[in-house]
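User: I am new to this structure. Please show me how to read its main features.

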Amino acid sequence: MKRQLIWAGLALALSVAGWNIWSNERILADGRVALLELAPVDPRSLMQGDYMALNYALANALRGGSDERRADGYAIVRLDERGIAKLARTQPAAQPLAAGEIAIRYRVRDGRARIATNAFFFQEGRAQEFSAARYGEFRIGENGEPHLTALLDADLRRLGENRY
């Protein structure tokens, strides 16, 4: 009996992990592309290696405002002609969207809106190359979860592409 419970628990844990991996891969493959303007911060961490701490103009736009913006919710954005996301409104829960709108989930922690990851790691010695980052390329899932896929410069060129 004990052995069966161990095997059942292991199967459940592996199933949950597999489901999470599969759902993230689906977002990366099929998610809508949106570019978020960056506000890079610190390009170096002695303990972690080279990385860029990230802040987003969209998160700054979510500061203050209505009580709705002080709780977790969705930033509803529209893409401009270059694909850059601009805040249209916020809403507290997933609701139907108008044509051309994308819902991006945000969370409020310590009074600040958090969107996606707050760091981008790269190979040691490549800080100068990534210092030109002005936009983050994201794939947005149907659930509004953004996944950072690349950093782009002001001309929307991908940074850090392998040049071997």
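This is a predicted model: local features need pLDDT of at least 70, side-chain atom pairs count only at pLDDT 80 or more; totals for chains, interfaces and linings use all residues.

User: How many helices and strands does the protein have?

Analyst: Helices (H or I, at least four residues) and strands (E, at least two) are DSSP runs, numbered from the N terminus. Here there are three helices and 10 strands. From the N terminus on, their order is α-β-β-β-α-β-β-β-β-β-α-β-β.

User: What share of the residues of the protein count as buried?

Analyst: Buried means under 20% relative accessible area, exposed over 50%, and partly exposed in between (1.4 Å probe, protein chains only). Of 164 residues, 36% count as buried. The protein exposes about 10300 Å², and carbon and sulfur atoms supply 53% of that area. Such areas come from the Shrake-Rupley method with a 1.4 Å probe; for residues, only the protein chains shown count as cover.

User: Which residues of the largest nonpolar core touch the most other members?

Analyst: In soluble globular proteins, nonpolar side chains tend to be buried together. A nonpolar core is a set of buried Ala, Val, Leu, Ile, Met, Phe, Trp, Tyr and Cys residues joined through side-chain atoms within 4.5 Å. The largest one holds 27 residues, and L36, Y56, I104, I115 and L151 touch the most other members. Two or more residues come from each of β1 (32-37), α2 (57-61), β4 (73-79), β6 (101-109), β9 (135-140) and β10 (146-152). β6 gives the most, with four residues.

User: What does L151 touch?

Analyst: Contact means heavy atoms within 4.5 Å. Leaving out residues up to four places away in sequence, L151 touches L38, M52, F120, F130, A133, Y135, G136, R157, R158 and L159. Across the protein, 57% of contacts between residues at least 6 apart in sequence join residues at least 24 apart.

User: Where is the empty space?

Analyst: Rolling a probe the size of a water molecule over the atoms shows where empty space is left. On a 1 Å grid over the protein atoms alone, a cavity is a set of points where a 1.4 Å probe fits but cannot get out, and a pocket is an open set with protein on both sides within 12 Å along at least five of seven lines; lining residues have an atom within 4 Å of a point. Grid points are joined across faces, edges and corners, and a volume is the space filled by probe spheres set on the points. The largest pocket holds about 370 Å³. Its lining has 21 residues, with I140, G141, E142, N143 and G144 nearest the centre. α1 (2-30) supplies six of the lining residues, the largest share.

User: Which residues line the largest cavity?

Analyst: They are N55, A59, N60, R63, R112 and A113. The volume of this cavity is about 30 Å³. α2 and β7 (112-114) each supply at least two lining residues.

User: Which residues have a positive phi without being glycine?

Analyst: Most residues other than glycine have a negative phi, and most peptide bonds are trans. A116 has a positive phi of about 60 degrees. A116 sits in the loop between β7 and β8 (119-121) and is partly exposed at 33% relative accessible area. L156 has a phi near 65 degrees. L156 lies in the segment after β10 and is partly exposed at 26%.

Note on methods. Residues are numbered from 1 along each chain as its sequence is written. Side-chain values use heavy atoms; hydrogens and water are left out.
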